[in-house]
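Dear colleague,

Please find the structure below for your review. My notes on its salt bridges, its core and its helix packing follow.

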Amino acid sequence: MTKCPAILDKRGAEVMDVKEQAIQIIAEQAMLDVSDVSMESTPEELGIDSLGLVEAIFAIEEQFDISVPFNANDPSESDFDISSVAKIVEGIEKLIAEQKS
């Protein structure tokens, strides 16, 4: 299992990794404790409705300084897989890597 890339602050100190930050954002949108969110959880299982999902995407974009290719009108047609927390984390990591290259 590979470790998620770490996020560094302005001084280069490591802060929460992508997985931890994504789970925290998703938990906040679901109004749950972080411990209630697993990598296998789906937004539906967590009680995140379409508005909550859009808010989570905005928070993810802001937190990671990325642009998420997500179509709120038709999520199944988006290039960003939101089927589970694991897929969301994977998508964030991919977008961060693409932005760095």
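How many salt bridges does the structure hold? There are two, a salt bridge being a side-chain nitrogen of Lys or Arg within 4 Å of a carboxyl oxygen of Asp or Glu.

Please note that this is a predicted model, in which local features need pLDDT of at least 70, side-chain atom pairs count only at pLDDT 80 or more, and totals for chains, interfaces and linings use all residues. Residues are numbered from 1 along each chain as its sequence is written, and side-chain values use heavy atoms, with hydrogens and water left out.

**Salt bridges**

E90 is paired with K87, their closest N and O atoms lying 3.9 Å apart. Both belong to helix α3, three residues apart, or about one turn of the helix; helices are DSSP runs (H or I, at least four residues) numbered from the N terminus. E90 is partly exposed at 47% relative accessible area, and K87 is likewise partly exposed at 33%. Here buried means under 20% relative accessible area, exposed over 50%, and partly exposed in between, with a 1.4 Å probe and protein chains only.

K94 and E98 form a salt bridge with an N to O distance of 4.0 Å. These two residues are four apart in helix α3, so about one helical turn separates them. K94 counts as exposed, at 54%, while E98 is partly exposed, at 43%.

**Nonpolar core**

The largest nonpolar core has 25 residues, of which I60, F64, I66, V68, F80 and I92 touch the most other members. Such a core is a set of buried Ala, Val, Leu, Ile, Met, Phe, Trp, Tyr and Cys residues joined through side-chain atoms within 4.5 Å. Helices α1 (18-30), α2 (50-64) and α3 (85-100) each supply at least two residues of this core, and α1 gives the most, with seven. Leaving aside residues up to four places away in sequence, I92 touches V18, A22, I60, F64, I66 and F80, where contact means heavy atoms within 4.5 Å.

**Packing of α1 and α2**

The axes of α1 and α2 come within 9 Å and cross at roughly 145 degrees. Axes are lines fitted to C-alpha atoms over the stretch in contact, with angles from 0 to 180 degrees between N-to-C directions. From α1, the contact is made by V18, Q21, A22, I25 and Q29; from α2, by G52, E55, A56, A59, I60, Q63 and F64.

Yours sincerely
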